[in-house]
Amino acid sequence: MLTTRPILEDPPDEMVVSTAEMKAHLRVDFADDDAQIEGFIKAATARLDGYAGILGRCLVTQTWSMRISDWPKSCLLLPFPDVSAALIEYQDSDGDDRPVDAGMYELVEGPRGSSVLLRPSFTRPAVFQDVEMPITLTMTAGYGNPAAVPHPIKTAIMMLAAHFYAHRGAAEKAETMPFGVSALVAPYRRGLL
């Protein structure tokens, strides 16, 4: 069974840290740099959030999809923890899109993250053979709204965005994250056991 990389289908509606929160952190009381500050917040968030982020998890609720080549035997480990909803669809042997009855699988959270468990009563329907990835799994993941994101993660985003704001020029050498950011986010990194 092969899977594709997850694709972001529906990004978060709100930023983890608002521009107003960031300006208070920076002690900036003028509007001239608002667009730039918002860009630094987004860059700092991207460093931590989603599939490419170092946390390996979604922060604010967002929807992702991935394609699958064939039915798993019983369990499919999802790329994120904290998945609150999952929908499975497939192309049947005629190429028509069909949903899988939600009663035929269960979404569970385990030590390695979220998984979809196929029920023993699930009979794996034949899939369309003319495409490599006839099964699509769509998932909603994240802590919820920005207020639900753990405070250490929000603090790390503000520290990283503040670093970007203070050092706007091109760096002469590659730098690691500012001191403290790694320590703040370490407990929230998705680890593989």
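This report walks through the sheets, helices and a few single residues of one protein model.

The model is predicted: local features need pLDDT of at least 70, side-chain atom pairs count only at pLDDT 80 or more, and totals for chains, interfaces and linings use all residues. Residues are numbered from 1 along each chain as its sequence is written, and side-chain values use heavy atoms, with hydrogens and water left out.

Some terms come up at once. Helices (H or I, at least four residues) and strands (E, at least two) are DSSP runs, numbered from the N terminus. Two strands pair if DSSP finds at least two bridges between them.

Five strands form an open sheet in the order S1-S2-S8-S4-S5, and the pairing is antiparallel. S1 and strand S5 (97–99) are the edge strands, so called because each pairs on one side only. From one strand to the next, the twist averages 30°. Such angles run from 0 to 180 degrees between N-to-C directions, and axes are lines fitted to C-alpha atoms, for helices over the stretch in contact.

| Pair | Bridges | Sense |
|---|---|---|
| S1 (residues 7–10) and S2 | three bridges | antiparallel |
| S2 and S8 (residues 135–141) | seven bridges | antiparallel |
| S4 (residues 83–91) and S8 | seven bridges | antiparallel |
| S4 and S5 | three bridges | antiparallel |

Single residues let you trace these pairings in the structure. Leu8 stands opposite Trp64 in S2. Met66 faces Leu137 in S8. Thr63 has Thr140 of S8 as its bridge partner. Leu87 is bridged to Thr138, again in S8.

How covered are S2 and S8? Buried means under 20% relative accessible area, exposed means over 50%, and partly exposed is in between (1.4 Å probe, protein chains only). Strand S2 (residues 62–68) is mostly covered, with six of its seven residues buried. S8 is also mostly covered, with five of its seven residues buried. As a general rule, the side chains of a regular strand alternate between the two faces of the sheet.

## The three-strand sheet

There is also an open sheet of three strands, in the order S3-S7-S6, with antiparallel pairing. Its edge strands are S3 (75–77) and S6 (105–110), each pairing on one side only. The twist here averages 25° from one strand to the next. S6 and strand S7 (residues 113–118) run antiparallel and are joined by six bridges. Within that pairing, Glu109 has Ser114 of S7 as its bridge partner.

## Helix H1

Which residues of helix H1 are buried? In H1 (residues 19–26) they are Thr19, Met22 and Lys23. Seen down the axis of H1, these fall within an arc of 100°, so they line one face of the helix. The arc is that of the directions from the helix axis to the C-beta atoms. In general, an α-helix has 3.6 residues a turn, so residues three or four places apart point the same way. On the other side of H1, Ala20 and Ala24 are exposed.

Helix H2 (34–48) and H3 are included in what covers the buried residues of H1. After H1 comes Arg27, whose phi is positive, near 60°.

Ser18 is partly exposed, with a relative accessible area of 30%. Ser18 and Leu117 are 99 residues apart in sequence and 37 Å apart in space, C-alpha to C-alpha.

## Helices H2 and H3

How do H2 and H3 pack? Their axes are 8 Å apart and meet at an angle of about 125°. That makes H2 oblique to H3. Angles under 35 degrees count as roughly parallel, over 145 as roughly antiparallel, 65 to 115 as roughly perpendicular and the rest as oblique. Contact means heavy atoms within 4.5 Å. The contact is made by residues including Ile37, Phe40 and Ile41 of H2 and Ile153, Ala156 and Ile157 of H3.

Lys154 sits in helix H3 (residues 151–166). Is Lys154 buried or exposed? At 12% relative accessibility, Lys154 counts as buried. Leaving aside neighbours within four places in sequence, Lys154 is in contact with Val16, Val17, Glu21, Pro146 and Val149.
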